[in-house]
Amino acid sequence: MLTKIPMSVAVKATAKAKAKKKSPTNKELFFPGKLYKLLLDPKSEGIICWMDHGRSWKIVDRKRIGGMLQKYFRHENVESFIRSVNGWGFKRIKTEGPDKNSYYHPYFLRGLPVLYQELQRLYNYGESLSLPDKPNLSETADSNPLPFDGIERDFQEALAYVHIPSATSSKFTMPLDHLVHEQPYQSTDGDGVTMPMPSF
């Protein structure tokens, strides 16, 4: 004998399924995901932005960024934001030129969000990735431009666009699991993720 499902139950189940489908994934809720969304936000124009080549990003207006940080990270503290940036392995570029003072990570690229979803917070106090602070990202962009075509790529396809600057340590020639860390975090930062505070 078939049991008829009450309409109210069916409606609730359908609504729940739709809500689950639209809800952000865990990877979208952690720091790189929030940062990626912030950089795509039209309201961030003139405040924080991708560089033209899409391999690094820069804070343009430190005085106005507080409002955007509040929207995505629930605080307006620029210094706390920068600590998190460094704690996730981003490196500030110190060379003269258009990329100066922008931040980059080989696996944080515009148009390829599948890459950042594999990153994890550095876990040792004061730890940093051995990335050079004077990479030539413009040269990399010329030889291997990023695809700004809106097509979603899987992880293996996206890896073809990753460039590890030659001045890095040998561990960056290894697969991604050698670049990220999986150990437990130990304290809490402003983005709600448990982690240690890095030193500078």
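Tutor: Let's start with arginine 153, which is buried at a relative accessible area of 16%. Here buried means under 20% relative accessible area, exposed means over 50%, and partly exposed is in between (1.4 Å probe, protein chains only). Keep in mind that this is a predicted model, where local features need pLDDT of at least 70 and side-chain atom pairs count only at pLDDT 80 or more, while totals for chains, interfaces and linings use all residues. Residues are numbered from 1 along each chain as its sequence is written, and side-chain values use heavy atoms, with hydrogens and water left out.

Arginine 153 has a partner: it forms a salt bridge with aspartate 149, with 2.8 Å between the closest N and O atoms. A salt bridge is a side-chain nitrogen of Lys or Arg within 4 Å of a carboxyl oxygen of Asp or Glu. Aspartate 149 counts as partly exposed, because its relative accessibility is 42%.

By that rule, the count is five salt bridges. Another of them joins glutamate 96 to lysine 100, again with the closest N and O atoms 2.8 Å apart. Glutamate 96 is exposed at 66%, whereas lysine 100 is partly exposed at 28%.

Now for aspartate 41 and lysine 71, whose side chains meet in a salt bridge of 2.7 Å, N to O. This pair links distant parts of the chain, 30 residues apart: aspartate 41 is in the loop between α3 and β1 (48-50), and lysine 71 is in helix α4. (Helices, H or I of at least four residues, and strands, E of at least two, are DSSP runs numbered from the N terminus.) Aspartate 41 is buried, with 8% relative accessible area, but lysine 71 is partly exposed at 48%.

That brings us to α3 and α4 themselves. The axes of α3 (residues 31-40) and α4 (residues 65-73) come within 10 Å and cross at roughly 130 degrees. The two helices are therefore oblique to each other: angles under 35 degrees count as roughly parallel, over 145 as roughly antiparallel, 65 to 115 as roughly perpendicular, and the rest as oblique. Those axes are lines fitted to C-alpha atoms, for helices over the stretch in contact, with angles from 0 to 180 degrees between N-to-C directions. The contact (heavy atoms within 4.5 Å) is made by Phe31, Lys34, Leu35, Lys37 and Leu38 of α3, together with Met68, Leu69, Tyr72 and Phe73 of α4.
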